[in-house]
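Subject: Structure for you to look through

Dear colleague,

I am handing over the structure that we spoke about, and below it you will find what was found in it. Please keep the sequence and the 3D view open while you read.

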Amino acid sequence: MLLSLLVMFWLSPIMAVDSWPCSYEQMIYSVKSHHLVTSPSGMLLNFSHNHPYILHHPCGNHFFRGISPALYLGERLFISLDMFESSILPLTIPNGFTRPPAIVSSAVFGQNSIVAVVNGVVFLYLYATWKRWLHSKGITHPVTELASYKCCFALNDPACDKVNELVLAYDSGNLVSNSEIFYSQNGGYIFESLKSRPLKDGILLGIYVFASSANFGMLLKDASHPETAYFIFGDIESIKNETGTSFKSKFLEGYIIESTLPPGMRGFILLWTNKTFMSSSNDGLTTDIITVLPTDSYPNKTLPERICFAAASSNEFAVLTETQLFYGNLDMVARKMVHLGDKNVSLSHVSCEAMLFENIGMLSIIRPFPSNVSRYYHFQKCIFNIQAKLMTVQPPLQSCPMEILTGDFHNRMYYIDTKQQLHFNATFVPKPGTGAYPYVMLSNPYVLAFEAHIMEDGYTFNGNTKYSLKIKLEEQQLMVEKQNSTLFKKVSSVTVDIYNKGIFCIDMHPLTALIAVDCPPKKHIRILKKTTGCNQGLFEPRLLQNFVYSIDKELYDPLFLGRKKLEQDNLNVTYKYDIWGCPLLFYYDNQWLPKLELWDDNEFVENVHADFVLYEINGMHNYDYLLTEVQANCLSEAQNWIKQLANFPGSPHIAWTKYNYVSCKQPKGNKSLPSVNSKYQVLNWNERNRILFPQYNGFYVFRATIVDRLYSYCDLTTVFSVYIHGSPPKSKVSVGKALISFLVLIFGTMLMVYFFLKLLKEYSRMK
């Protein structure tokens, strides 16, 4: 890859005829742009809107040097991997993929790709790898819009990946009952039709991925009241009847409402038309107009018309009209913006532009212009230092009421498993006399509950009181069933922010963490191995790696049904030392119960005291259970392997799991009573049931599975080996034959004695 040599002109002292009051400007040229004179192959792409748009990937922490890609959509489309710090060729699509002109109506970022609607058809552009276009599959009708969201809290995390791979495609402007809606769960490669629809019909204005509350929202316009709109929420399976509070706005005919969902999964959404700018801090449950804080430079409280574009980061946003720039922060209480400057432009040059946040408090307005010597485009960047601009606002803005707000949980992801808790600690120092304090907010109270309290925690160096905010988080037990989603895992963000902090708090960002009420990805169970064949000198690990042992044909059933006398050969098994490790060593004549441990990655959590079942993975059946159903105090008929395998023949790994386990300790009436003859095949460290081994020396390889559904959200299973020893060799003499021979011998001896005595008596008489 060629390195770009940049030539930058610093134009701060110079005010062009058509310019913004930037903190400084850059004119970006790359030397490589002077060496290409040929046209790029394929058709040039154009944006369908009459104003430009910048789509900026929010997960800078997932990319090299923290710089995420950005897509500029306008008269030409450009993909920048360096924040528009080099000249770029306009994006094209190969001839034959679509008819000219190639019009892009919507685009979103996928996984190392861009998903775009070109002339009503969805394509993927693999910008990060092959630089090639692909057709998406499964969409059967033309669409115009796409929706997605990016979770940036963790890379390669199951909960985040499920959010990142969801893409919705739809056509807006029609009744939702007549609209074609499709969804993809693999980043836009394959789509399926969304069948669920709301009971109340309305004109579909947009669909949004509300990942912070684990659903998606449809923005509908009331067909009978054209200026009234509301959100309705749902999932693949069904659309809920719950709706957000309706709100009024000026929805022009034929004008698509525009939006941006700020990163951070805090529940914010910004909506605008060319006349109105609105926001919601709770995923559309309530929506409010954002007003302007009157200043000397802009004394009005409402935005001017002809809104062009809005950009947002996790804590701040900016609004650009044709001639004015406004700034605000994402606050739960105050929904205010402040005027930052006017564009120096003649009426004949009025046009819209686009912008993005390059960093906290650094905003760039981007304008491409073509090269005179090649097909490359260069970029003019007008960069605003927001903090410096706010300091010039008159009358002065309210200062930030907080000196310190920190917490080590910020921008991190956590998991809460069943019956677990999380504890967070935030430290804050309010400015003297302000009375400022932080508040705690959950984006999804259906899955999380919290308790919080504040306590003094010493003093700073300058004598100000330091406070500690203690937060305890746990699963919301009563509401969790409402969150059975096929699109998302049960997630919620927790945010600590300053109450009514004002616009000036740029660097005092809120503290946000993402909580998934689900299985921690690295949680697993292990078998406790105190005595093994290796540490007792019976086996050497290097020999076990290539060891093959044989199972007698009478001792196993390939269908795991315990059948005997099958016409089959002995089974040769290769010992998998890398998976099973050294075998447990156990004396055959003892009652056995495997001891399971719960681990999270390499950290021990606890000993497992939950119901579990096990089976021998090769089908061996020469072992038994100690208790019957009655002896185990069952109140109803218990499950066992024979019954479970009737529904899953030959598949014991799915035949009996936590998803179909029913405890026999719950009564089911007289039709289901425990049996005195059936063995109870569920094990638990707190109960008396055990495994009994026969007079046999050899290997067993067991798979243990936790079946208690209340123990964990994880599918906990482990495979381990046991070597049974100490059994004396079995006699090859038949017990029945030996008994008959013994009886015959005794009877014969008695006959001999009888006849001997009789002969002796006869001999005495004759004598």
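Ile746 has its place in helix α7, which covers residues 735–766, and please bear in mind from here on that the model is a predicted one. With a relative accessible area of 36%, Ile746 is partly exposed, because that term covers values between the 20% limit for buried and the 50% limit for exposed. Ile746 also belongs to a nonpolar patch on the surface, which it forms with Leu739, Phe742, Leu743 and Met750, and together these residues have about 500 Å² of accessible area.

Ser374 is found in a loop, the one that runs between β31 (362–370) and β32 (377–385). Is Ser374 buried or exposed? With a relative accessible area of 11%, Ser374 is buried, and its side chain reaches the backbone nitrogen of Tyr376 at 3.2 Å.

Next come the strands. In general, the strands of a sheet pair through backbone hydrogen bonds, and they do so either parallel or antiparallel.

With strand β35 (residues 421–430), β38 pairs in the antiparallel sense over eight bridges, and Ala426 stands opposite Leu469 in β38. With strand β37 (residues 448–459), β38 is joined by 10 bridges, and these two strands also run antiparallel; here Glu456 stands opposite Tyr467 in β38. β37 and β38 form a hairpin with five residues between them, and in the turn Gly463 has a positive phi of about 90°.

A disulfide joins Cys22 to Cys382, with 1.7 Å from S to S. This pair links distant parts of the chain, since Cys22 is in the loop between β1 (6–8) and β2 (24–30) while Cys382 is in strand β32, 360 residues apart. The torsion about the S-S bond of Cys22 and Cys382 is about -115°, so this disulfide is left-handed, and both Cys22 and Cys382 are buried.

Another disulfide joins Cys59 to Cys152, with 2.0 Å from S to S. Cys59 lies in the loop between β4 (53–56) and β5 (70–73), and Cys152 lies in the loop between β12 and α1 (158–164), so the pair ties together parts that are 93 residues apart in sequence. The link of Cys59 and Cys152 is left-handed, with -75° about the S-S bond. Cys59 is buried at a relative accessible area of 1%, and Cys152 counts as buried at 16%.

A further disulfide joins Cys534 to Cys582, with 1.7 Å from S to S. Because Cys534 lies in the loop between β41 (523–527) and α3 (541–544) and Cys582 in the loop between α4 (577–580) and β44 (584–587), the pair ties together parts that are 48 residues apart in sequence. At 19% relative accessibility Cys534 counts as buried, and Cys582 is buried at 14%.

Terms used:
Residues are numbered from 1 along each chain as its sequence is written. This is a predicted model: local features need pLDDT of at least 70, side-chain atom pairs count only at pLDDT 80 or more; totals for chains, interfaces and linings use all residues. Side-chain values use heavy atoms; hydrogens and water are left out. Patches are made of residues with over 30% relative accessible area and no salt bridge: like charges are joined within 9 Å, nonpolar side chains (Val, Leu, Ile, Met, Phe, Trp, Tyr) within 5 Å. Accessible areas come from the Shrake-Rupley method with a 1.4 Å probe; for residues, only the protein chains shown count as cover. A salt bridge is a side-chain nitrogen of Lys or Arg within 4 Å of a carboxyl oxygen of Asp or Glu. Helices (H or I, at least four residues) and strands (E, at least two) are DSSP runs, numbered from the N terminus. Buried means under 20% relative accessible area, exposed over 50%, partly exposed in between (1.4 Å probe, protein chains only). A polar contact is a pair of N or O atoms within 3.5 Å; within protein, one must be able to donate a hydrogen and the other to accept it, and residues adjacent in sequence count only if both atoms are side-chain atoms. Two strands pair if DSSP finds at least two bridges between them. A disulfide is a pair of cysteine sulfur atoms within 2.5 Å.
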